[in-house]
Structures are given as C-alpha cells and as structure tokens.
Amino acid sequence: MDPETIRGRLVREAVPPETAAAVIERYSACVAAGGPIDYEETLDLPVGRRTWHTVLVPVRGEGGEVVQILGSSRDITDRKRLQEELVQTSKLATLGTLAAGMAHEMSQPLNIIRIWAENALSRLRDGDTDTARLDKVLTIMSDQAERMGRIIDHMRTFSRRDGATQRFDPAASVRSAVELVSNQFALENIEVVSDVPAIDCVTRGRPLQLEQVLVNLLSNARDAILEWRADPDGSPAAGRIAIGMRCDMTAGRAVITITDDGGGIDPDILPRIFDPFFTTKEVGKGSGLGLSIGYGIIDSMGGRIDAANVTQDDGSRGVRFTITVPVSHPSIQDVERAHA
C-alpha cells in the first residue's frame with residue numbers, strides 16, 4: 001500500500017469498514033490501558049489478507065490526557081506461515097514415532113477378527129449353526145472393527161492441519177492424547193494413569209495443537225522411562241506416567257500436569273530444555289524442536305509451561321511438566337457444540 005494514499009485520512013476512509021472497526025477498537029484499548037499494548041491480528045487489506053504484529057503507545061499532553069497514539073506494525077504473514085509449517089512438521093514427526101506401536105495395535109484387533117472368523121467358518125462347514133455362538137462371534141468381530149476404525153479416525157484427525165482458533169474443552173484434548181498413546185505404552189510395560197474429572201470449562205486455541213503438545217510430552221516421558229528403567233539385559237522395566245487436570249474457575253485457569261518416573265533431568269540443563277534445537281537424545285533420535293514448539297503453542301493460548309524434577313512417594317525420581325492455560329465458564333453455545 002502506498003503511504004501517500006492513506007496519509008492524513010481517517011481510518012474509516014483508508015481501509016474497509018470491518019478492518020476500521022477492529023483498528024479503532026485497538027486504539028480505544030490503548031487509551032483505556034494508559035500504556036503500551038501489542039497484539040497480532042489478521043486483517044483484510046487492499047493488498048490482501050495479511051497478519052500484523054502491532055505496538056501502540058499513548059502520548060500524553062501537558063494535562064496528562066492522551067492526545068496521540070504512536071503505532072508501528074510489522075507484516076509477519078510469512079513468519080506466521082513458516083511457524084504453522086513447523087508446527088505441522090513437528091506433529092507429523094510425533095506421529096511417526098508412534099507409527100510402529102500403532103501398527104502393532106492395529107494388528108491386534110485384526111488377529112482377533114481373523115481367529116474368530118476362522119473359528120466360525122470351521123463350525124459352519126461342520127454343520128454347527130449355533131445361532132447364540134454366531135451372535136457372540138459376530139459381535140466380537142464388529143467391536144474389534146469399530147476399535148480399528150476409531151484408531152484410524154484419530155490418526156487422521158491428529159495429522160491434519162489445525163483450523164482457526166476456537167473455544168474448546170481442554171479436558172477433551174487431554175483424554176484424546178491419552179487414548180492415542182496408552183495402549184502402545186502398555187505394550188512397553190508403561191502404565192498411563194489419567195485423572196481428568198468431568199470439568200465444565202473452556203479455553204481458546206486450537207484443540208489439536210494442545211493435543212500435539214500433550215502427545216509430545218507423553219512420548220518424551222516414555223523415552224526417559226525406557227532409558228532410565230531398562231534392565232541390564234535391555235528389557236524394559238515397569239514405568240508409570242501420571243497425567244491430571246484441574247480447573248480453577250476462581251483463578252480462571254486450568255492446570256494440566258504430566259509426571260513420569262524416568263529419573264529426571266540434569267538440573268544444569270533443565271532451564272534450557274525449551275530452547276530451540278536443544279535435545280538430550282542421541283543424534284538422529286530427536287530434533288530438539290518438540291518442546292520449543294510446544295512452548296510456543298501454549299504461549300499463543302495465553303498460558304505457560306514449566307518443568308521441574310520431582311521425587312515420588314515411592315522414592316522414584318522423574319520430571320513433572322505443568323501446563324497452565326486461561327479458562328472460563330462454557331457458554332450455552334459451547335455446551336450445545338460439545339453435545340452436537
């Protein structure tokens with residue numbers, strides 16, 4: 001946009017009405033705050049749809065009143081696009097680490113279906129047409145096919161690109177993350193204990209991105225347990241991951257915790273684990289981006305993520321990740337959408 005085409009013009013004269021309304025609302029917020037504010041937003045401009053990072057600073061007159069607003073905006077459209085690409089790549093990498101376990105998990109119901117189908121076919125060929133038994137066999141096969149369908153649907157949903165931000169129940173993302181990994185982890189002798197009571201609260205963000213953060217943390221916990229608790233012969237010893245969530249409506253926040261018994265993290269490197277490209281894993285086993293991307297996702301929701309070494313009641317040591325996100329009471333529309 002040529003600056004000369006908008007210089008000296010009112011906002012409503014320079015940009016479309018919807019965009020002007022959004023800009024004026026920000027100006028009013030700056031005046032009300034009485035100090036600098038910054039924000040990101042996507043606007044429809046004559047040059048197209050662009051994302052901007054804007055800083056507004058009120059200027060006061062001799063009487064202390066706000067007489068002017070100084071502002072600067074930076075076009076971050078390309079940067080935001082690259083960030084989204086990086087988040088998607090990280091999600092697919094996380095999914096890749098689960099692929100082998102998922103293949104095993106899919107083979108289990110397939111084997112059950114095959115065994116029961118062969119059993120029923122053998123009995124039919126021998127003239128045994130016990131309808132009660134056939135009903136039982138077909139029910140088992142149907143249940144297992146439904147289980148496979150849920151796994152496939154979840155994998156497809158998890159791998160797709162995230163849509164726009166929305167109000168959603170964070171507890172649903174926690175339950176989905178646990179469902180995605182718990183059966184696979186059980187094959188490796190790691191128990192996932194979930195404590196997520198029925199909670200009526202909502203946050204704003206992208207539910208699949210929150211699930212991505214949780215799956216990555218759960219996968220990291222599994223890796224730590226397998227390395228720390230392995231028997232001398234290399235076989236995995238029993239491990240435990242506890243994930244819980246509490247919603248404090250008085251404080252307006254939900255707290256999600258993931259605690260493992262994988263030995264903990266060296267205190268000297270604990271402050272660096274959210275740095276981009278920092279990893280404690282062997283070369284080729286970790287990009288060092290998972291925690292950094294997760295930190296960015298939670299930060300974009302207005303929340304925070306922390307890590308600390310903990311000692312459990314049984315004396316075992318591990319790490320506890322704590323995610324805090326802002327929440328509010330669900331609206332009638334939120335409730336209707338959840339039950340649609």
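Reader: What makes S2 and S3 a hairpin, and which residue in the turn has a positive phi?
Author: S2 and S3 form a hairpin with 5 residues between them, and Gly 64 in the turn has a positive phi of about 90°. This is a predicted model, where local features need pLDDT of at least 70 and side-chain atom pairs pLDDT 80 or more, while totals for chains, interfaces and linings use all residues. Residues are numbered from 1 along each chain as its sequence is written, and side-chain values use heavy atoms, leaving out hydrogens and water.

Reader: How do you know that S2 and S3 pair?
Author: Pairing needs at least two bridges found by DSSP between two strands (DSSP E runs of at least two residues, numbered from the N terminus). S2 and S3 have 9, in the antiparallel sense, so they meet that definition. Thr 54 stands opposite Ser 73 in S3.

Reader: Why is Arg 50 called partly exposed?
Author: Its relative accessibility is 23%. Buried means under 20%, exposed over 50%, and partly exposed in between (1.4 Å probe, protein chains only), so Arg 50 counts as partly exposed.

Reader: What makes the link between the side chains of Arg 50 and Asp 75 a polar contact?
Author: The term asks for a pair of N or O atoms within 3.5 Å; within protein, one must be able to donate a hydrogen and the other to accept it, and residues adjacent in sequence count only if both atoms are side-chain atoms. Arg 50 and Asp 75 are joined at 3.0 Å, so the pair falls within the cut-off. The side chains of Arg 50 and Thr 77 also have a polar contact, of 3.3 Å.

Technical notes: Helices (H or I, at least four residues) and strands (E, at least two) are DSSP runs, numbered from the N terminus.
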